[in-house]
Amino acid sequence: MTFEPAHEPRPGLTHRDADWSGLRVLVVGLGLSGFAAADALAERGARVTAVSRDVTDVITERATILEILDVDVRLGPEHVVDPPDDTELVVTSPGVPPHDPLMLAATTRSIPIWGEVELAWRMRPLEGAAPWLTVTGTNGKTTTVNMLASILRAAGLRATAAGNVGTPILEAVLHPEPYDVLAVELSSFQLHWQRSVSAVASAVLNVAPDHLDWHGSYAEYLRAKGRIYDNTHLACVYNVADIQTEQLVMEADVVEGCRAIGFTTGIPAPSMIGVVDDVLADRAFVEQRQRSAAELCTLDDLRGDAPSVPPHYLANALAAAALARAYGVGPIAVRDGLRAFRPDRHRIAEIATVRGVRWVNDSKATNTHAAAAALSSFDSVIWIAGGLLKGADVDSLVEEFASRLRGVVLIGADRAQLARALARHAPDVPVVDVPDTDTGVMDLVVSHAARLAQPGDVVLLAPAAASMDMFTNYGARGDAFEEAVRRHLEASGGDL
């Protein structure tokens, strides 16, 4: 369903010191973002009703705190059906889809719906608000935003990663010690409900089908991603290797004078940032960019303790550098920030190399696009895959990387779909199907993978699927894999 903005609930609600008093607001969801929204609105005198379908110990504790602030809290599914009669504004948590009955009811009644990002933008101070540098994409958002925050801090700025990662965006905006600048990760869910954000620079890293069950179609998913470019002031950063990201820039309604800046893992043309030999080079934010470039850092600066720089990691660094340079950060701070950065866990994280076999955890590869990035980093792979595919087509993924597969271990609810794709495109690759779903499944998975592996192979957990069929989240899945690998290697006499 396409969402279009309804009328404003009240004129002038564009900053934190506006007149929010008496505004009748329904806050949907009491996760971190919903709790922060209800708290912020109540503090400014709004009449807040907060509802939550779920009733957990954490939500009950938050409800108790909000009730002290005179928030009307209603817990249970019977309250998440229709907005109260006097509702002037709905503020929804990002996980609530537009086809949810409550959202449909609000839309039918022309009640404005804001997400946490829209509310946060409108809660910025009237003067001296920290500018936003925004990032979205199907994959790589968190790494890029954390890289960007590291660069900004290396430039001496008070900065944080916020939004879909790190500090909740509303907390960052309302922090008592104001930030100089915010590196903001935005998901397609968050972007769907926002209309007012006007970033200094924005980036779409890549796009591939994902969350189609939430958005309803790939076209709507693209539309949500492209919204990040709207109202951008200085630079719309796009991926030269992903033509759809450039198309989204071309379709965006930007501020007059905003530039399109490409990033590429190849040699950059003017108005691009790319790689020349082993140097990250800026031909976008330099004088005489037709004939010159600025050196930002080398591949060795990015590599850290890793044996090489995976292509997707390099692309993320280029995008972060482009956003920082758009904001005016110098080359030395870009280098120092990227040198200091270390990726989060569960993102192509090497656990151990024993008897010539590398064990790698990329549990964060929760869709086919992310799994492709992981598989492209290695030549000979024992692939551990499966989970909830969310309607994704895996045939093209298997076909593209069939030549790199030495064996496959399948897990999770949708493993049969992967098995059929492997039978079509990699019929000679040995496949082990693991139907178990109990907590000890990873020990069995690792045991099968170890039997398939030979020196020179990489045992890679890159599931291409979400984890919630078997695990709380991708982090729990990755932790289970790492612990099982360690147990197996210790039992087999491997040297960790």
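This report describes the strands, helices, cores and salt bridges of the structure shown above.

The model is predicted, and local features are described where pLDDT is at least 70, side-chain atom pairs count only at pLDDT 80 or more, while totals for chains, interfaces and linings use all residues. Residues are numbered from 1 along each chain as its sequence is written, and side-chain values use heavy atoms, with hydrogens and water left out.

Helices (H or I, at least four residues) and strands (E, at least two) are DSSP runs, numbered from the N terminus, and two strands are said to pair if DSSP finds at least two bridges between them. Strands of a sheet pair through backbone hydrogen bonds, either parallel or antiparallel. Nine strands form an open sheet with mixed pairing, in the order 7-8-6-9-10-11-12-13-14. Strand 7 (159-163) and strand 14 (294-298) stand at its edges, each with a single partner strand, so one side of each has no neighbour in the sheet. On average, and with direction ignored, neighbouring strands of this sheet are turned by 20 degrees against each other; axes here are lines fitted to C-alpha atoms, for helices over the stretch in contact, and angles run from 0 to 180 degrees between N-to-C directions. Thr160 has Leu182 in strand 8 as its bridge partner.

**Helix 10 across the sheet**

Helix 10 lies across strand 9, strand 10 and strand 11, and runs at about 155 degrees to strand 10. In what follows, buried means under 20% relative accessible area, exposed means over 50%, and partly exposed is in between (1.4 Å probe, protein chains only). Which residues of helix 10 are buried? In this helix, residues 243-251, they are Thr245, Leu248 and Val249. They lie on the same side of helix 10 because they cover an arc of only 100 degrees around the axis, the arc being that of the directions from the helix axis to the C-beta atoms. The face turned away from this buried side carries the exposed residues Ile243, Met250 and Glu251. Contact means heavy atoms within 4.5 Å, and the buried residues of helix 10 pack against strand 9 (201-204), helix 9 (218-226), strand 10 (235-239) and strand 11 (259-263).

**Strand 16 and its two partners**

Strand 16 (residues 357-361) is mostly covered, since four of its five residues are buried. Strand 15 (residues 349-354) pairs with strand 16 in the antiparallel sense over five bridges, and Thr353 stands opposite Arg358 of strand 16. The hairpin of strand 15 and strand 16 has two residues between the strands, and in this hairpin Arg355 takes a positive phi near 55 degrees. Strand 16 also pairs with strand 20 (residues 458-461), in the parallel sense and over four bridges; there, Arg358 has Val458 as its bridge partner.

**Nonpolar cores**

A nonpolar core is a set of buried Ala, Val, Leu, Ile, Met, Phe, Trp, Tyr and Cys residues joined through side-chain atoms within 4.5 Å. The largest such core has 55 residues, of which Leu41 and Trp132 touch the most other members. Helix 1 (residues 32-43) gives the most to this core, with seven residues. A second, separate core of 46 residues includes Phe263, Ala315, Ala317 and Ala333.

**Salt bridges**

Side chains of opposite charge can pair when their charged atoms come close. A salt bridge is a side-chain nitrogen of Lys or Arg within 4 Å of a carboxyl oxygen of Asp or Glu, and the structure holds 21 of them.

| Salt bridge | N to O distance |
|---|---|
| Arg122 and Glu8 | 2.8 Å |
| Asp282 and Arg325 | 2.8 Å |
| Arg303 and Asp300 | 3.6 Å |

Arg122 forms a salt bridge with Glu8, and this pair links distant parts of the chain, 114 residues apart, with Arg122 in helix 4 (residues 116-122) and Glu8 in the segment before strand 1 (24-28). Arg122 is buried, with a relative accessible area of 6%, whereas Glu8 is partly exposed at 40%. Asp282 and Arg325 meet in a salt bridge that also links distant parts of the chain, with Asp282 in strand 13 (residues 279-282) and Arg325 in helix 12 (residues 311-326), 43 residues apart. Asp282 is buried at 0% relative accessibility, and Arg325 is buried at 11%. Arg303 and Asp300, by contrast, both lie in helix 11 (residues 299-303), three residues apart, about one turn of the helix. Arg303 is partly exposed at 32% relative accessibility, while Asp300 is exposed at 53%.
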